[in-house]
Amino acid sequence: MTATPEAARTEYAQHRWGAARDLFTAAASADLTAVDLERWGLAAFLTGHDDESDTARERAHHAYARAGDVDGACRVAYWLALALTLRGEPARGGGWFGRVRSVLDGHSVTDSVWTGFLLVPRAMAAFFGNDLPTSLALSEQAIAYAGRFGDPDLAVLAHNAHGQALVGSGAVEAGLSELDEVMVRVTTAEDVSPQLVGLVYCAVINTCRDVFDVRRSREWTNALSRWCAAQPDLVPYRGQCTVHRAEILQLTGSWPDADAEVARACAQAEALSHDPATGMALYQRGELLRLRGDLVAAEAAYRAAIRVGHDPQPGFALLRLAERRTGTALAAIRRALDEASRPSLRARLLPAYVEIALAAGDVEAALRAAEELVDVSGPRSAPLLDAAAQQAIGAVRLAEGDPAAALPCLRRARSLAQAIPAPYDAARCRTLIALACRALGDHESAELEFGAARWIFEQLGAVPEVERMDSLTRRSEPPAPGRLTLREVEVLRAVATGATNRAIAEAMFLSEKTVARHVANIFTKLDLSSRAAATAFAYEHRLV
């Protein structure tokens with residue numbers, strides 16, 4: 001297809017964003033109109049070419065301004081300002097919001113839909129500054145402007161801001177219902193700018209995260225995925241939004257997909273050194289590595305997160321617990337909890353605090369934390385939070401020597417986790433249920449629960465938990481030769497297939513350095529000097 005403005009317009013009209021962007025780029029030297037430049041900016045934005053989008057929109061703004069098109073000049077400046085602000089460039093974003101006001105003032109426009117649009121960033125600034133009454137008032141004014149001018153984009157932005165402010169004010173159900181309506185509109189209405197879809201989705205999933213509403217997060221994630229399937233080359237998930245998707249995927253057991261989302265978030269963050277999602281992405285990478293048992297790589301990820309200003313708790317404290325540095329873990333999680341003021345942040349730290357306090361033998365402190373978690377989960381039913389609270393109470397009761405009292409709490413926690421579904425959390429509940437059954441003398445039920453938990457952990461690749469199950473059940477199978485750990489046996493089997501360290505690392509979601517360390521340990525324990533000898537050993541001992 002010839003690279004002409006007309007060809008680019010055709011692709012744009014069909015929502016073939018990648019092709020439209022390519023053609024506009026190829027036709028850059030042609031006589032592009034302000035409308036062409038605006039469309040080029042949107043197509044580049046939707047396909048993830050942010051710098052190109054900024055440049056095209058700047059050119060479009062100036063072209064509209066030269067032509068005296070107030071609406072066009074304001075529109076392009078506003079979308080550019082919004083994109084910059086959400087990308088973590090508030091100074092540039094604020095400058096372009098100011099440009100919208102300057103255009104209106106320069107043409108003596110006192111009553112415009114763009115006056116309503118400018119209320120939205122003020123409402124969101126108030127929201128993030130925890131001035132919720134102001135946020136509600138400003139977003140309500142913006143809603144009125146949207147109704148008076150009949151502007152669907154402003155209606156979406158204003159209701160999005162209002163819904164978040166309602167949730168923040170405690171009207172959770174009303175706020176989430178408003179956000180649901182906004183999501184329906186952006187994924188079904190053809191009169192809404194596609195730039196708004198990713199923005200609104202990120203707001204919704206972030207709000208759901210704050211109130212632990214996993215069901216809503218999954219439902220809207222699936223709906224948006226279907227919408228995106230019809231939009232070739234679309235890059236709707238950015239920054240923090242991508243990390244939150246990874247959290248949901250990890251929680252629901254899709255760990256390889258979570259890895260892919262984290263990698264995408266890290267790649268996006270590398271292009272923007274000031275992106276606030278950088279630390280979140282690095283932390284999430286650490287979480288996935290820790291759960292799989294690659295503690296060295298996990299610590300490196302957590303340390304990288306803190307270097308860019310992200311507190312790596314509770315993951316880092318749980319890492320220290322896994323290393324049996326219980327005192328260090330307790331000090332770290334206690335410090336993090338003391339500094340946390342928001343209920344939602346405390347709720348994320350409390351389960352780890354309970355686990356670490358129990359490991360340290362401080363049952364009283366664990367009980368206080370578990371009771372606080374129950375209080376936090378009380379005002380609104382959120383299955384994930386309820387499951388964590390019930391598991392915490394059950395674990396404390398078990399530590400107190402009252403397994404009969406622990407079982408109802410633990411069984412409820414398991415049912416809630418299974419319904420989410422959150423397989424890793426459900427399996428950890430099963431482990432505690434098994435210990436309670438064993439304490440009550442019901443060894444057969446304990447064995448069944450241990451077996452079910454072990455199967456889930458094995459499917460997920462949660463090697464530390466599999467090894468813990470084997471330790472708790474004192475499995476009767478003969479131990480691996482040479483005192484190899486479960487992970488070392490897995491690496492040895494892979495070596496015997498002829499796989500390189502890099503291939504093994506990719507297959508097991510480990511770092512290549514960690515695989516090299518495992519191989520070295522195998523050689524040392526088995527007194528071997530080559531991969532060929534290791535392969536022969538594996539076949540001799542029927543490990544492959």
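I began with accessibility, and I call a residue buried under 20% relative accessible area, exposed over 50% and partly exposed in between, with a 1.4 Å probe and protein chains only. I note that this is a predicted model, in which local features need pLDDT of at least 70 and side-chain atom pairs count only at pLDDT 80 or more, while totals for chains, interfaces and linings use all residues. Residues are numbered from 1 along each chain as its sequence is written, and side-chain values use heavy atoms, with hydrogens and water left out.

**Entry on aromatic rings**

I looked up ring pairs, taking rings of Phe, Tyr and Trp (its six-membered ring) as paired if their centres lie within 6.5 Å, and calling planes under 30 degrees apart stacked, over 60 edge-to-face and the rest tilted. By this rule I have 13 aromatic pairs. Tyr78 counts as buried at 0% relative accessibility, and Phe97 counts as buried at 11%. I then turned to Phe127 and Phe128, whose ring centres are 5.2 Å apart with planes at 70 degrees, so that pair is edge-to-face. Phe127 is buried at 18%, whereas Phe128 is exposed at 62%. I also found a cluster in which ring pairs link Tyr78, Trp79, Phe97, Trp114 and Phe117.

**Entry on salt bridges**

I counted a salt bridge where a side-chain nitrogen of Lys or Arg is within 4 Å of a carboxyl oxygen of Asp or Glu, and the structure holds 39 of them. In the bridge of Arg9 with Asp36, the closest N and O atoms are 2.7 Å apart. That pair links distant parts of the chain, 27 residues apart, with Arg9 in helix α1 (residues 5–13) and Asp36 in helix α3 (residues 34–46). Arg9 is partly exposed at 25%, but Asp36 is buried at 1%.

I next checked Arg264 and Glu261, whose side chains meet in a salt bridge at 2.4 Å, N to O. The two are three residues apart in helix α15 (residues 255–271), and therefore about one helical turn separates them. Arg264 is partly exposed at 36%, while Glu261 is buried at 7%.

Glu512 lies in helix α29 (residues 512–526) and Arg502 in helix α28 (residues 501–508), so the bridge ties together parts that are 10 residues apart in sequence. Glu512 is partly exposed at 39%, and Arg502 counts as exposed at 53%. I also wrote down a network of salt bridges that links Asp54, Glu58, Arg87, Glu89 and Arg92.

**Entry on a charge over a ring**

I took a charge to sit over a ring if NZ of Lys or CZ of Arg is within 6 Å of the ring centre and within 35 degrees of the ring normal. The charged end of Arg148 sits over the ring of Tyr145, 5.1 Å from the centre of that ring.

Key
Helix = DSSP H or I, 4+ residues; strand = E, 2+ residues; numbered from the N terminus.
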